[in-house]
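Please read it with the sequence and the coordinates at hand.

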Amino acid sequence: MLFDVYSKFDLTPEKASGCYLWDKNGTKYLDCYGGHGVISIGHNHPVWQAAIIDQISKISFYSNAVKIPCQEELADKLAKVSGYSDHNLFLVNSGAEANENALKLASFHTGRSKVIAFNGGFHGRTSGTMAISDYPKMKSPFNTPHDVQFFKLGDESVFEEIKKAQTAGVIIEGIQGIAGVEDPGVEFLLKLHDSCYESGTAFILDEVQSGFGRTGDFFAHQHAGIEADIITMAKGMGNGFPVGGLLIHPDIKAKKGLLGTTFGGSYLACKATIAVLDILEKESLCKNSKIQGEKIINQLAGLPAINKLKGRGLMIGLEFSKDSSSIRKKLLEANIITGSSSNPQILRILPPLIFGDQERHMFIENIISIVNKENEAVSVSK
Ligand SMILES: Cc1ncc(COP(=O)(O)O)c(C=O)c1O
């Protein structure tokens with residue numbers, strides 16, 4: 001028996017390609033959620049598939065006790081594609097592991113232990129990352145003793161706290177995902193960056209969900225024209241192959257044994273990620289994400305049932321005037337998969353970055369039709 005912790009869709013996919021999934025009956029579904037924002041270049045992209053198959057036919061695993069040249073190849077490629085040409089790469093296996101290591105590095109580097117995090121933020125389920133996440137029901141007593149101070153997103157009093165120079169790191173999502181696609185805003189990010197710089201505090205950008213082209217920029221915070229000391233990434237990085245990583249400012253020095261992992265940086269993870277970066281570039285997927293996201297927002301703006309449209313690129317939150325769960329349910333009945341958020345009014349979409357006109361039309365037409373039918377039902381019952 002499985003340890004039963006997940007609320008699941010009534011859906012059993014058996015095949016996937018591009019933006020679509022097929023269940024055991026051959027029914028086709030449009031994937032507007034990408035398995036929690038993981039599918040970046042599309043399900044089973046042939047280049048990604050070929051890269052993994054080719055590697056598995058040679059050597060699939062050895063630990064970091066040996067030289068693995070594709071790690072260097074990945075670091076170079078990521079430096080070029082992300083624009084972070086001087087940061088160093090440390091490879092791990094998940095978003096939580098990336099953030100846990102980021103907190104540890106910030107603490108090693110500054111000799112301080114306190115971390116500043118933000119309301120609504122989610123950074124993972126390991127001990128430190130759970131402590132800096134604003135989801136009390138997920139926290140065990142074991143997660144609570146860490147030295148963490150939370151601030152509201154946009155609360156300017158955080159700058160005074162940072163300037164006391166007693167904080168190891170400030171961690172913020174490029175755009176908050178689980179909270180319902182909350183954007184910290186350019187000005188707030190700029191001021192956070194400056195306060196961290198002035199006080200020798202590590203500025204950590206969690207781009208686990210909002211990175212790898214999701215928002216139209218390679219990393220969401222690049223929209224604000226800032227650089228972070230540590231950037232964490234995972235979801236879209238491997239297009240479904242489990243991989244995470246940290247980009248680390250060159251002033252934060254590596255030392256043998258400082259960090260480590262058995263599986264991180266495996267041949268397969270590196271090859272999967274290199275393929276993702278190649279396809280992101282070759283198929284101009286950051287640009288596509290930006291264009292399709294703008295079109296979705298323009299087409300849905302003005303729909304009376306929607307209060308607000310949040311986010312950028314293909315990371316969009318649709319805030320309805322009521323609980324959005326019935327709309328998500330009806331979308332699934334129309335064979336369209338979408339996501340929720342911690343705010344029940346906000347429906348979240350994180351489709352593959354290859355999302356095209358055809359997929360957009362299908363999504364928009366169905367949303368409009370569902371919302372119109374719900375409105376008719378309300379007026380009839382009145
Ligand atoms: C912003 C953010 N950070 C960290 C995580 C944790 O990543 P993982 O589930 O790979 O540990 C998530 C997962 O949803 C996330 O959205």
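## Overall build

Of the 382 residues in the protein, 47% are buried, a figure that, like every other in this report, is computed from a predicted model. The secondary structure of the protein amounts to 11 helices and 14 strands. Its radius of gyration is 21 Å, close to the 21 Å that the globule rule gives for 382 residues, so the protein is as compact as a globular protein of that length.

The C-alpha trace spans about 65 × 55 × 45 Å along the principal axes of the protein. Among contacts with a separation of 6 or more, residues 24 or more positions apart account for 74%.

The domain assignment divides the protein into domain 1, made of 13–44 + 284–381, and domain 2, which covers 46–282. The C-alpha centres of these two domains lie 27 Å apart, and the contact between them takes 28 residues from domain 1 and 27 residues from domain 2.

On the side of domain 1 that touches domain 2, the elements that give two or more residues are the helices α1 (34–37) and α9 (285–300), together with the strands β11 (306–312), β12 (315–320) and β14 (346–349). The largest share of this side comes from α9, which supplies five residues. Sorted by class, the side of domain 1 that touches domain 2 holds 11 nonpolar, 13 polar and four charged residues.

## The largest nonpolar core

The largest nonpolar core comprises 89 residues, and those with the most contacts inside it are Val-170, Ile-204, Ile-230, Ile-231 and Val-276. Helix α8 (residues 267–282) gives the most to this core, contributing 10 residues, while each of domain 1 and domain 2 provides at least three residues to the core.

When its neighbours within four places in sequence are left aside, Val-170 is in contact with Ile-116, Ile-162, Leu-192, Cys-196, Thr-201, Phe-203 and Ile-204.

## Around the ligand

The shell around the ligand consists of 15 residues, of which Ser-94, Gly-95, Ala-96, Val-208 and Gln-209 come nearest. Helix α4 (residues 95–110) gives the most to this shell, with three residues. By class, the residues of the shell around the ligand divide into five nonpolar, eight polar and two charged.

## Two residues with positive phi

Most residues other than glycine have a negative phi, and two exceptions are described here. Val-181 has a positive phi of about 65° although it is not a glycine, and Val-181 is placed in the loop between β7 (167–173) and α7 (186–199). With 28 other C-beta atoms within 10 Å, where 20 or more are needed, Val-181 is buried.

Asn-335, also not a glycine, has a positive phi of about 70° and lies in the loop between α10 (325–333) and β13 (336–337).

Methods
Residues are numbered from 1 along each chain as its sequence is written. This is a predicted model: local features need pLDDT of at least 70, side-chain atom pairs count only at pLDDT 80 or more; totals for chains, interfaces and linings use all residues. Domain bounds come from an automatic or database domain assignment. Two residues are in contact if their C-beta atoms, placed from the backbone, lie within 7 Å. Helices (H or I, at least four residues) and strands (E, at least two) are DSSP runs, numbered from the N terminus. Ala, Val, Leu, Ile, Met, Phe, Trp, Tyr, Cys and Pro count as nonpolar, Asp, Glu, Lys and Arg as charged, and the others, Gly among them, as polar. A residue is buried if 20 or more other C-beta atoms lie within 10 Å of its own, exposed if 12 or fewer, and partly exposed in between; C-beta atoms are placed from the backbone. A residue is near a molecule or strand if its C-beta atom, placed from the backbone, lies within 6 Å of it. The radius of gyration is taken over C-alpha atoms; the globule rule is 2.2 Å times the number of residues to the power 0.38. A nonpolar core is a set of buried Ala, Val, Leu, Ile, Met, Phe, Trp, Tyr and Cys residues joined through C-beta atoms within 7 Å.
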